[in-house]
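Me: Please take a close look at one part of this model. I would like to see how it is built and how it sits against the rest.

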Amino acid sequence: MTMNSLETMWAAIPPASPEELAGARRRLLDGMRPRRRFVTVPRLLVAAGVAAAAAVTPLLIGNGAPAYAVAESSNGTLTVTVNEMRDPDGLEARLGAAGVKADVTFLPAGKGCAVPRFAGVDATYGGPPAAGAGELRALVNEARSSKATRVTSARTFRIFPEHIRPGETLVLEFRDNGNAQKPWRLGGWLARAHTPVQPCTPVDDLG
Amino acid sequence: MTITREVIETDDATLIGRSLNEPEVFAVLFDRHAPLLHRYVTRRLGPSEAEDVVADTFLAAFQHRSDYDRGRSDARPWLYGIASNVIGKRRRAETNLYRAYIRSGVHPAEIPGLQVEDGVNTLAVNRPLARALLALTPADRDVLLLVAWAELSYQEVADALSIPPGTVASRLNRARLQIRHALNREEQE
């Protein structure tokens with residue numbers, strides 16, 4: 001008797017429809033995404049990236065623009081547009097398809113990660129801070145890492161594969177700039193051939 | 001990835017195992033069990049809490065999926081156990097719902113005129129029942145409602161709440177007795 005009344009109590013409530021479950025399902029899917037890998041952007045190259053980005057008129061991107069796009073030119077240079085800092089794996093795969101082994105990370109504002117996570121091919125990564133503007137300029141002009149990528153506008157940068165040797169990984173770290181006109185700053189380095197690039201441990205970045 | 005027919009037909013334990021490497025497979029578990037879990041939570045806490053509780057339950061399940069005992073092919077006891085914990089943190093919502101029900105005789109999720117149970121009679125029975133449910137201890141209520149509303153077996157309730165089957169039986173007996181007494185008292189008054 002008790003159980004019967006209980007079982008029929010509110011029995012008129014139907015199982016939830018897909019529409020009623022859509023919000024919960026979306027929350028689950030959002031929570032299921034692998035944690036983004038966060039990567040440090042050493043101060044020097046962040047500064048260089050900002051300068052380059054600021055020098056060019058920002059592109060205006062309409063609604064519905066893809067998160068990223070990669071265009072290949074006949075001389076082998078890639079032009080990469082990053083509109084939204086999401087899907088690092090997709091961008092990696094796209095660059096891989098274009099022949100560039102890359103490791104892409106998107107980083108929120110104010111975060112960096114413990115260095116080092118890979119062995120760089122030159123002093124632009126993991127080395128001591130540049131003593132001054134002259135040394136910084138020299139590093140940026142001479143290091144292969146700096147030649148391999150160049151920021152060309154607020155949302156685009158180029159990759160020059162001729163500066164990447166076989167087996168090296170192009171490590172790309174984007175930091176959220178908190179600015180719709182200049183959405184990110186880029187640090188790009190080459191990791192030594194056939195050496196691993198570790199995932200990042202995020203820490204507050206004071207730079 | 002695309003979710004194949006083979007994934008959709010596989011049992012919960014296999015699905016959870018696969019989701020360790022292919023997290024998106026976990027969504028199949030949601031699609032399989034969320035409709036009835038949502039209904040269970042709606043009965044217990046009302047519609048305004050249900051979406052949140054279902055989302056919290058599946059997120060917690062997803063995060064702890066590596067601990068799942070894959071000897072158990074049916075994940076319902078595990079999911080309803082997690083949901084019971086989430087519901088337990090919202091006791092105030094549960095109490096408010098029962099009070100509202102006692103006042104009005106209508107569950108907020110029931111749509112008037114659509115599927116209302118047979119009129120005055122239902123309301124007359126349910127009000128005292130709601131009062132009686134409210135008077136149970138939370139632990140007894142969990143057991144009783146997992147059996148009555150989630151249709152879990154004693155063993156499944158034991159698995160869900162991590163208590164021995166004997167404890168399930170004794171809590172259930174106590175809850176039933178208490179409700180029967182409460183209903184009899186109402187009738188006599």
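Reply: A residue is buried if 20 or more other C-beta atoms lie within 10 Å of its own, exposed if 12 or fewer, and partly exposed in between, with C-beta atoms placed from the backbone. Of the 189 residues of chain B, 39% count as buried. Chain B is the part to look at here.

The model is predicted, so local features need pLDDT of at least 70 and side-chain atom pairs count only at pLDDT 80 or more, while totals for chains, interfaces and linings use all residues. Residues are numbered from 1 along each chain as its sequence is written, and chains are lettered from A and ligands numbered from 1 in the order in which they are written.

Start with the elements. Helices (H or I, at least four residues) and strands (E, at least two) are DSSP runs, numbered from the N terminus. Chain B has ten helices and zero strands. Read from the N terminus, its order is α-α-α-α-α-α-α-α-α-α. Contact here means that the C-beta atoms of two residues, placed from the backbone, lie within 7 Å. Take the contacts in chain B between residues at least 6 apart in sequence: 66% of them join residues at least 24 apart.

Helix 2 (residues 12-19) and helix 3 of chain B form one pair. Their axes come within 8 Å and cross at roughly 145°. Such axes are lines fitted to C-alpha atoms, for helices over the stretch in contact, and angles run from 0 to 180 degrees between N-to-C directions. Helix 2 of chain B brings D12(B), L15(B), I16(B) and S19(B); helix 3 of chain B answers with F26(B), V28(B) and L29(B). That contact has five nonpolar, one polar and one charged residues. For these classes, Ala, Val, Leu, Ile, Met, Phe, Trp, Tyr, Cys and Pro are nonpolar, Asp, Glu, Lys and Arg are charged, and the others, Gly among them, are polar.

Helix 5 (residues 76-88) of chain B spans 18 Å from its first C-alpha to its last over 13 residues, close to the 18 Å expected at 1.5 Å a residue. The expected span is 1.5 Å times one less than the number of residues. Ten of the 13 residues of helix 5 of chain B are buried. Among them are W78(B), Y80(B), I82(B) and I87(B).

Next, the core. A nonpolar core is a set of buried Ala, Val, Leu, Ile, Met, Phe, Trp, Tyr and Cys residues joined through C-beta atoms within 7 Å. The largest one has 55 residues, and V41(B), V54(B), L146(B) and V157(B) have the most contacts inside it. Helix 3 of chain B gives the most, nine residues. Leaving aside neighbours within four places in sequence, L146(B) touches Y80(B), L152(B), V157(B) and A160(B). Another core, of 30 residues, lies apart from this one and includes V80(A), V82(A), V104(A) and L190(A).

Now the side facing chain A. The contact takes 31 residues from chain B and 23 residues from chain A. On chain B, helix 3 (26-45), helix 4 (47-63), helix 7 (119-135) and helix 10 (165-188) each supply at least two residues. Helix 3 of chain B has the largest share, ten residues. The chain B side divides into 18 nonpolar, five polar and eight charged residues.

The partner chain has sheets. Two strands pair if DSSP finds at least two bridges between them. One open sheet of chain A has four strands in the order 1-2-6-5, with antiparallel pairing. Strand 1 (68-72) and strand 5 (149-151) of chain A each have a single partner strand, so one side of each lacks a neighbour in the sheet. In this sheet V80(A) stands opposite F157(A) of strand 6 of chain A. A further open sheet of chain A, of three strands, runs 3-7-8 with mixed pairing. Strand 3 and strand 7 of chain A pair in the parallel sense over six bridges. Strand 7 (residues 169-176) and strand 8 of chain A pair in the antiparallel sense over eight bridges. In strand 8 (residues 184-191) of chain A, eight of its eight residues are buried.
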